[in-house]
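Trainee: I have some questions about the labels used for this model. Can we go through them one at a time?

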Amino acid sequence: MPASEITADALSASGRTSEKLSLPTLQSKMKCDPEGYETELSLIYSQFKSSVELFQQQAALNFTSAASGGVGSDPTVAKDLGDRAMFLAHVTPFYPNQLLGYPKELVEFLRTSARVLPSSLRVTVTQALILLLNRKIVAIKETLALFMELQVLSDKVLKELAFSHVIHSIRRMNQKHKNETENRALQSILFSMLQEEDEKKAMRSLVTICDLHRRKVWFDDRTANAICRACFHSSSRIMIAALSFLLDYEKIEQDSDSDASSDEDEAVHQPHVVVSKEAIYKAKNTGTTSSKKKKKAKLQRVIRSMKKQQRISSERDNNSNYYSPLNSLKDAQGFAEKLFSRLQTCGERFEIKMMIVKVVARTVGLHRLILLNFYPFLQKYVQPHQRDVTNLLAAAVQACHDMVPPDAVEPLFKQIVNQFVHDRSRTESIAVGLNVVREICLRIPLLMTEDLLQDLVLYKKSHEKAVSSAARSLISLFREICPSLLIKKDRGRPTDPKAKPKAFGEVTVPNDVPGADLLRDEEEDDDDDDGSDGSDQDEDNSGIGEEDAISDDDISTHDGGSEFNSDDAAQMESEEDESSEDEGDDDSCSDNDNEEVKDIDGMSIDSQGTRGQKRKFVDFDGELDAASQSLRALKRLAGPKLETDASDSTDGILSNEDFQRIKELKTKKDAKLALAHHGLLKKASDPKSTVFKIPTSDQLSLKRVDGVTLEANIRKKMTKEERKALIKAGREDTGKYQARAAIKQNKTGGLSNRQKEHKKAMPLAAKRSKVERSRRQKKIKQKTAGKQFRGRKAWK
């Protein structure tokens, strides 16, 4: 009996009329009046059970007719069963007691008979189960294993349906807040399936986990470690899939709907570019039309590059763009060693070995690990004719960091120099070799020697632009990190002539907030702009000779390094009268209270810190010992210095406004460097300002080195024929040449601003002045019209 309609015989027990009802019509009536159609529900439910039992019996008896000539091959019977399953799924919320066991029966039917069911029936029953899951009648935890098994079947439509349902269900579950309890249960199912020997199940589990991790639904360390452990799976396909995900993770573009707060994050981290008004004014107003166009284009390039750098820096601070599952490894050293041992013993093809090399190098660089056997392994493959040698060299660069002993990398470094950089090598090989040397020396500068650097620098005279550019970039690097290795001609004007790379194991411990020096420099600049300090100092030193001048380097006391500066001297002079009054009033004090303390230059300073006349040098330690006999003398000795320190120094605590100001000053500094680098701003007079900024070791560990960047991408000069072809191709798209005035006359739309100015109504005063001015000019012209000299007549 077709399920689309119910005959009168079927409804005779209920006493209804003999009208024919289709399932959609009956479904709508049952939703409106659930109690009145319980008989029809029981009838359809019993028909569904009987059909399911028939399918299960045929599967149990292993009838070949079940798939070829039995009930399953009949499209009408399969369609009726699918319609009943979908019908019952729709009305289940209205009959919770009558259909209490229906979801479990549907799950069991799919679990036992999914392989022998026709494709259309299998998809329909799966959709009915998804409908129950969406209405939260069945939990995703109970059906996750079933949906993962459905993806293994060779049914493309069913595989896509089951996969999308699993992803959307878990995303919807974590949409408002992270449900850690449910996530742990689901992760345990998928992680255990990922470790199984069945390749198909493990692959579908890995694809699901990677997709949820990419969408930042499961963005925890447990998921990242599970993906990394998949690199050790016995199946090569699973290992390759895991390696590919780890290598290409940073290239994956996040979906717009992957995170609910993505729009908010973009609004918060919108880069803010600070460009000086002077540069903008010069680009728009200074120079000819052509030069202004060039300046505007260059300014736009600067702004784009600055936005990109600020976006990268902000994302690096938030660990969003530079995050990789390798960052979350619990045992990074063990992971790298185990993967490297598999690399040494595996018999995979060359592409797979290169993937393992890249992952090992990336792990070593990210976590700054010590894997000394990795560098001799790479040394065997460092040859110019080696296949995919640029990616191999990029991995070698990635594996270098400042924690690796230079002796371990030195053989590999020498191999690169000897194989790539010599006179008989090709131009491309020399350029790649010099670029690799620069990148390695940026991470381990101690590898470079003076003789080797001078030999490499000579390639700056090469006629090949790629080679000369690579050599000049090497010179620019060592101008900053160690100028003493360069000869005087190549050294230029380094910012720090005494700069040297750190010794192996040397660590610089910061003792201040990063960027606080910018605040101090700004305050010093403000003080320099104010002329009051200079005038006060001149007045203070007006009565002192050259030999009495106080210098910051020479005036240092012997009591623990405290110093008297010019402000102290001014304060001493202002308190000179007070000290004399105290000496007259206090007769009971001992002579040690009024003894004078001499500074190093021989200037006498009494117990109150006042500056007296010049006297001969006396040992300061002796005076201090004498003053220590009286507490009052010690207080007078230390009082001026303590007051000055309290007035000048701060407590070292920065407010939120200070941190915001530091961020603005850093942005302005980067803007000046970018403008100077692009030639829009002259280099500042400050000797510390430099265009080349050496990244820190943490930034280098996060930086991903690509083999393409090591190659020389120099655009070759076009021939005359190529230039002609380019010009002709550009002329084809343009129309007929017309003058600018003709184009303006033929234009459609409103008037220009200049035309609008001509049509504006003039004020009455302006009209009168214009009329009067034209009248005066007319009179002057009439007076001088007949008196102008026309030349001497020829006949006189």
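Predicted model: local features only at pLDDT ≥ 70, side-chain atom pairs only at ≥ 80, totals over all residues.

Trainee: What links Arg443 and Glu439?

Mentor: A salt bridge. Their closest N and O atoms are 3.0 Å apart. The cut-off is within 4 Å, so the pair qualifies.

Trainee: Where do Arg443 and Glu439 lie?

Mentor: Both sit in helix 20, residues 427-443. They are four residues apart, about one turn of the helix. Shared partners also join Arg438, Glu439, Arg443 and Lys703 into one salt-bridge network.

Trainee: How many salt bridges does a search of the whole structure find?

Mentor: It finds 17. One of them pairs Glu199 with Arg237.

Trainee: How do you know that Glu199 and Arg237 form a salt bridge?

Mentor: Their closest N and O atoms are 2.6 Å apart. The limit is 4 Å, so the label holds. This pair links distant parts of the chain. Glu199 is in helix 9 (residues 199-214), Arg237 is in helix 11, and 38 residues separate them.

Trainee: Why is Glu199 called partly exposed?

Mentor: Its relative accessible area is 28%. Buried means under 20% and exposed means over 50%. Glu199 falls in between, so it is partly exposed. Arg237, at 47%, is also in between and therefore partly exposed.

Trainee: What makes Asp211 and Arg215 a salt bridge?

Mentor: The closest N and O atoms of Asp211 and Arg215 are 2.7 Å apart. That is within 4 Å, so the pair counts.

Trainee: Are Asp211 and Arg215 buried or exposed?

Mentor: Asp211 has a relative accessible area of 13%, which is under 20%, so it is buried. Arg215 is at 14%, so it counts as buried too.

Trainee: What is the handedness of the crossing of helix 11 and helix 16?

Mentor: It is left-handed.

Trainee: Which residues make the contact?

Mentor: Helix 11 gives Met239, Ile240, Leu243, Ser244, Leu246 and Leu247. Helix 16 gives Ile352, Met355, Ile356, Lys358 and Val359. They divide into nine nonpolar, one polar and one charged.

Methods:
Residues numbered from 1 in each chain as written. Heavy atoms only, no water. Left-handed = near helix turned anticlockwise from the far one by under 90°. Helix = DSSP H or I, 4+ residues; strand = E, 2+ residues; numbered from the N terminus. Contact = heavy atoms within 4.5 Å. Nonpolar A, V, L, I, M, F, W, Y, C, P; charged D, E, K, R; others polar. Salt bridge = Lys/Arg side-chain N within 4 Å of Asp/Glu carboxyl O. Buried < 20%, exposed > 50% of the residue type's maximum accessible area, 1.4 Å probe, protein only.
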